Amino acid sequence: MIRINLLPVREARRAANMRKHGVFLGGAAGAGVALSLIISMWMTARISHERALIAARETELKKLELVQKEVKKFQDEQHEIEQKLAIIDQIEAARTGPVKILDELSTRIPQRVWLRKMTAKGGVLMLEGNSIDAEIVADFAAALEDSPMLSNVDLQETRLEETEGLKLSAFKMTAQYPFLKAIEDSGPRAAGK
């Protein structure tokens, strides 16, 4: 019988298989390392890109904060100017308001009515006077009620008085002048600011 020694062939196959596996493992390890390097380089590039974007946004944010400060400054200045203009308007109305009220009274007062006393305080105008007839006083109150400058005209009292031998109707009347009341109410505070 012939004997063939197959051990060296098996050893050679086993060594060849080991080399194949080693090559595959080496190739897989190389591919893993290469893939890791590629991912690392991609991540590094991505991180540097994001950092550049963050730096650009921070620079833009700083510029916008400066613009916002300027806008706030201009808004404050505008508000201050508007307050000053409102005060000027109030002073102008307070200066011309009494003249307008006197003008309104002079155009609406009927003949045979004269005023003895007139006071204005807190948006209320108080009138005291005399007339020949109580009916003329009622007409005067109605005329004042029609005035665009006065409101809530109230004839508080009429009484008959004898003055220098004449019998006259004495009256007391109040009316509101709201456009000047707002000025009087805000005037001292506005001037104190």
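Where is the place of Asn152? The close-ups below, taken from a predicted model, start with that residue and then visit a few others.

**View A. Asn152, a strand residue with a positive phi.** Asn152 sits in strand β3, which covers residues 151-163. Its phi is positive, at about 50°, although Asn152 is not a glycine.

**View B. Thr174 and its contacts.** Look for Thr174 in strand β4. Is Thr174 buried or exposed? With 14% relative accessibility, Thr174 counts as buried, because the limit for that word is under 20%. Leaving aside residues up to four places away in sequence, Thr174 touches Val124, Leu125, Met126, Asn152, Val153, Asp154 and Gln156. You have already met one of these, Asn152, in View A.

**View C. Phe140 and Phe171, an aromatic pair.** The count of aromatic pairs comes to 1. The ring centres of Phe140 and Phe171 are 6.3 Å apart and the planes meet at 70°, so this pair is edge-to-face. The two partners come from distant parts of the chain, 31 residues apart: Phe140 belongs to helix α2 (residues 134-145), and Phe171 to strand β4 (residues 166-176).

**View D. Arg112, a loop residue with a positive phi.** Here we move to the loop between α1 and β1, where Arg112 lies. Phi of Arg112 is near 70°, a positive value in a residue other than glycine. Arg112 has a relative accessible area of 54%, so it is exposed, the cut-off being over 50%.

**View E. A nonpolar patch on the surface.** Which residues form this patch? They are Leu35, Ile39, Trp42, Met43 and Ile47, and together they have about 510 Å² of accessible area. Take Ile47 as your example: this residue is found in helix α1, which covers residues 7-108. Ile47 has 41% relative accessibility, so it counts as partly exposed.

Terms used. Residues are numbered from 1 along each chain as its sequence is written. This is a predicted model: local features need pLDDT of at least 70, side-chain atom pairs count only at pLDDT 80 or more; totals for chains, interfaces and linings use all residues. Side-chain values use heavy atoms; hydrogens and water are left out. Patches are made of residues with over 30% relative accessible area and no salt bridge: like charges are joined within 9 Å, nonpolar side chains (Val, Leu, Ile, Met, Phe, Trp, Tyr) within 5 Å. Accessible areas come from the Shrake-Rupley method with a 1.4 Å probe; for residues, only the protein chains shown count as cover. A salt bridge is a side-chain nitrogen of Lys or Arg within 4 Å of a carboxyl oxygen of Asp or Glu. Helices (H or I, at least four residues) and strands (E, at least two) are DSSP runs, numbered from the N terminus. Buried means under 20% relative accessible area, exposed over 50%, partly exposed in between (1.4 Å probe, protein chains only). Rings of Phe, Tyr and Trp (its six-membered ring) pair if their centres lie within 6.5 Å; planes under 30 degrees apart count as stacked, over 60 as edge-to-face and the rest as tilted. Contact means heavy atoms within 4.5 Å.
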